Amino acid sequence: MRLVILASGRGSNFTAIDDAIKSCKLNAQIVAVVSDKSDAAIIGKALKAGVPNVVVLARKGFATRHDYDMALTDLVEGFNPGYIALAGFMRVLGKEFVERFAGRIVNIHPALLPSFPGLDAQKQALEYGAKVTGCTVHFVDEGMDTGPIILQRAVPVLEGDDEERLSQRILEQEHILYAEALALLADEKVRLDGRIVRISDGGDAR
Ligand code: GRF
């Protein structure tokens with residue numbers, strides 16, 4: 001599975017995915033990392049990990065959002081990806097991008113969707129008073145964190161949690177979950193049935 005990763009920041013999910021590939025838990029190759037931020041930590045991590053294409057495509061070089069989306073779409077298409085994994089990519093993808101790669105874009109979100117979509121999901125869960133939150137790997141559609149859910153993992157909110165502590169415990173689970181979901185995709189065990197994701201594992205549907 002040829003994988004392109006889009007990210008804007010720290011890159012810990014990139015590292016988890018790369019580790020899963022290198023330890024043969026995920027049958028994929030990261031063919032490119034694309035970031036919209038030239039100072040993102042993921043860039044150094046991707047170069048160090050030996051990703052063959054590490055590209056910065058900043059929004060400020062383009063007159064309109066549409067121009068940027070078109071350039072991003074063409075750039076990513078040039079890498080001939082099987083799947084595109086968003087890992088902390090802080091831009092909403094344009095219609096062109098989502099349509100061109102329909103059913104082949106996945107994202108990880110630090111909450112149990114459909115609860116707490118959008119920014120600061122961990123803070124939203126804390127402020128709401130949720131007792132359980134977690135993380136979700138889902139397909140990307142044109143909405144904000146609204147696409148079909150592939151896998152989820154629950155994380156309890158503990159007494160005394162602040163945003164940082166809760167985010168850290170969720171992040172540990174994100175790293176496991178993202179590699180697991182991508183492995184299911186790489187092994188062609190994922191099927192879409194309307195908006196329901198069916199997973200076959202040795203013949204059983206989950
Ligand atoms: C993660 O919390 C992910 O759920 C969210 O953005 C964050 C990215 O973290 N979409 P990292 O850059 O992978 O460390």
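The following legends describe close-up views of a predicted model.

**View 1. A negative surface patch includes E163.** Four residues, D120, D162, E163 and E164, form this negative surface patch. Of these residues, E163 belongs to helix 6, which covers residues 163-186. The relative accessible area of E163 is 33%, so this residue counts as partly exposed, a class that lies between the limits of 20% for buried and 50% for exposed.

**View 2. F139 is a buried residue of strand 6.** Strand 6 comprises residues 132-139, and F139 lies within this strand. With a relative accessible area of 5%, F139 is buried, because buried means under 20%. When its neighbours within four places in sequence are left aside, F139 is in contact with Y83, G103, I105, V106, G147, P148, I150, L185, V190, L192 and V197.

**View 3. F139 and E174 are shown as a pair.** Along the chain, these two residues are 35 residues apart. Their C-alpha atoms are separated by 15 Å.

**View 4. T133 is another residue of strand 6.** T133 has a relative accessible area of 1% and is therefore buried, as the value is under 20%. Apart from its neighbours within four places in sequence, T133 is in contact with several residues, among them P110, A111, L112 and A125. Further contacts of T133 include R153, A154, V155 and V157, together with L166 and I170.

Note on methods: Residues are numbered from 1 along each chain as its sequence is written. This is a predicted model: local features need pLDDT of at least 70, side-chain atom pairs count only at pLDDT 80 or more; totals for chains, interfaces and linings use all residues. Side-chain values use heavy atoms; hydrogens and water are left out. Patches are made of residues with over 30% relative accessible area and no salt bridge: like charges are joined within 9 Å, nonpolar side chains (Val, Leu, Ile, Met, Phe, Trp, Tyr) within 5 Å. Accessible areas come from the Shrake-Rupley method with a 1.4 Å probe; for residues, only the protein chains shown count as cover. A salt bridge is a side-chain nitrogen of Lys or Arg within 4 Å of a carboxyl oxygen of Asp or Glu. Lys and Arg count as positive and Asp and Glu as negative; His and the chain ends are not counted. The place of a charge is taken as NZ of Lys, CZ of Arg, CG of Asp or CD of Glu. Helices (H or I, at least four residues) and strands (E, at least two) are DSSP runs, numbered from the N terminus. Buried means under 20% relative accessible area, exposed over 50%, partly exposed in between (1.4 Å probe, protein chains only). Contact means heavy atoms within 4.5 Å.
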